[in-house]
Amino acid sequence: MAREPKLTPPREHAPSDTGGQSRTAVASIAAATVLVALKLGTGLITGSLGLVSAGIESSGDVVAAVMTYLAIRLGGRPADERHHYGHRRAENLGALGEAAILLGGGIVITIEAIGQLAEGRHGLEARWYIFAVIGVALLVDVSRIAVSVRTASRYKSAALRSNAFHFAGDMAGSLAVLLGLVAVAGGVVQGDAVAALVVAGIVFAAAGRLVYENARVLMDTAPADAQARAAAAISGLGDDVELRRLRLRESGGHYFADAVVGVSPGQAVVESHGTADAVEAAIRDALPDTDVVVHLEPRRDGLDLRDRALAVALAEPLVREAHDITIYEHDGHTSLSLHLKLAPEVAIADAHDVAERVESALREQPGVDAVQTHLEPLEQPVAARPTEDGARPDDRQRERIAQLVVEHTGRPPRELRLLHAAGGLVVFVSVAVAADMTLPDAHELASRLEDDIRDGQPHMQDVVVHTEP
């Protein structure tokens with residue numbers, strides 16, 4: 001049994017309003033543009049390779065921030081008929097694009113810095129306004145890192161998180177340039193080129209981290225920590241729920257889970273539905289905002305003989321019901337009998353083949369020596385009509401049945417209905433028994449009452465006795 005998703009796409013768990021993310025992305029674009037103008041302009045005027053390299057990194061941030069904005073706009077779209085899991089992975093693609101930009105800028109910086117060191121070129125003067133530019137850049141970096149981290153955490157946005165990594169790298173680069181300028185001011189003439197190489201290293205590290213994290217998501221790498229939390233939550237439901245498979249995939253900070261769970265083969269559909277709901281709730285408690293699909297299968301392990309027999313019988317496609325499963329233990333041996341119901345149109349030869357397969361499979365069960373099956377047709381709707389007022393024979397039946405109920409229970413019937421069907425009279429009777437009576441005793445009483453009601457009444461088609469406290 002499976003709890004499969006409807007044909008409509010699953011719900012998108014992201015907040016429907018992407019305005020907060022978009023505003024953060026726009027602010028990042030503006031901040032990166034200001035830093036490019038400050039760093040690159042000052043670096044070109046003063047000849048500082050460190051500032052030029054930092055400006056190149058920030059210019060990459062401008063493009064990256066634009067890509068982040070576009071990724072957020074696309075990733076915020078709800079799921080549709082062509083994208084059942086939504087569009088959140090656009091953010092991961094955007095983050096990979098940002099990594100490519102960073103790698104390109106890092107290569108340019110590295111080539112220029114190595115060339116300057118090899119040729120011994122220098123001549124930078126550490127003027128005061130260069131330090132002022134670095135100070136402004138650091139303040140801008142700190143503010144946009146704080147905003148990006150806070151917004152990325154709120155919306156679980158991979159693109160904004162990658163932006164925060166960029167800005168942290170940008171701040172580290174600015175600090176490296178500052179140290180290089182301090183070194184130049186102290187007489188170390190190659191300090192600016194060395195600072196540029198440090199910035200390049202920071203750029204490469206940030207790009208590598210972006211590639212690693214987002215490639216894992218795009219390759220559907222199982223999130224190990226999330227997998228363990230979800231599995232533990234399902235296991236906490238008890239031994240009646242057997243986790244057979246759990247798969248997780250991440251998209252834009254949200255999870256999609258599908259679980260295969262084994263349940264008792266005798267569980268009713270409603271009860272199985274409740275089990276599936278419990279599994280979904282357990283996963284969402286461990287991983288909030290997770291889209292969950294649960295597939296239920298009958299268990300074969302850890303079952304008693306009765307449940308194993310039921311599972312074997314219901315595994316046959318032609319068997320519609322299996323009931324009256326009785327286990328006989330005698331002289332150290334075990335015999336098993338059960339009734340199999342099939343559709344009335346099934347030929348006896350086909351029904352016999354089904355019974356043979358069921359009996360053979362059950363004889364292979366540990367401890368089973370003999371199996372006997374009884375074949376029955378599945379009941380069809382029966383045309384019936386209620387008794388009519390003034391029908392004297394029915395009145396006599398009512399009096400007779402009511403007297404029998406009093407003899408067996410000491411109380412009159414709570415409900416008594418008679419129906420006339422093509423095969424004879426159908427009796428429905430509800431009787432009251434002691435509230436502390438055991439179920440076997442109540443069933444025995446109902447069986448004796450049914451036999452007495454049928455006694456001497458060949459025209460009766462069926463008798464149904466309902467016991468209640």
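This report describes the confidence, the nonpolar core and a nonpolar surface patch of a predicted model.

## Confidence

The average pLDDT of the protein is 78, and 80% of the residues score at least 70. Residues 1-17 have a pLDDT below 50, although this stretch makes 46 contacts in the model beyond near neighbours in sequence. Where pLDDT is low, the predicted coordinates should not be read in detail.

## The nonpolar core

In soluble globular proteins, nonpolar side chains tend to be buried together. The largest nonpolar core in this model has 21 residues. Within this core, the residues that touch the most other members are Leu-102, Ile-134, Val-177 and Val-199.

Several helices contribute to this core: α2 (49-75), α3 (89-119), α4 (128-155), α5 (158-185) and α6 (191-218) each supply at least two residues. The largest share, 8 residues, comes from α6.

Which residues does Val-177 touch, leaving out those up to four places away in sequence? They are Gly-50, Leu-51, Ala-54, Ile-134, Ala-195 and Val-199. Two of these contacts, Ile-134 and Val-199, are also listed with Val-177 among the core residues that touch the most other members.

## The surface patch

Leu-103, Ile-107, Ile-111 and Phe-204 make a nonpolar patch of about 350 Å². Helix α3 gives the most to this patch, with 3 residues.

Leu-103 lies in helix α3. Is Leu-103 buried, partly exposed or exposed? Its relative accessibility is 35%, so Leu-103 counts as partly exposed, a class that runs between the 20% and 50% limits.

Methods. Residues numbered from 1 in each chain as written. Heavy atoms only, no water. Core = buried A, V, L, I, M, F, W, Y, C linked by side-chain atoms within 4.5 Å. Buried < 20%, exposed > 50% of the residue type's maximum accessible area, 1.4 Å probe, protein only. Helix = DSSP H or I, 4+ residues; strand = E, 2+ residues; numbered from the N terminus. Contact = heavy atoms within 4.5 Å. pLDDT = per-residue confidence, 0-100. Patch = residues over 30% accessible without salt bridge, like charges linked within 9 Å, V, L, I, M, F, W, Y side chains within 5 Å. Areas by Shrake-Rupley, 256 points an atom, 1.4 Å probe, with all protein chains shown as cover. Salt bridge = Lys/Arg side-chain N within 4 Å of Asp/Glu carboxyl O.
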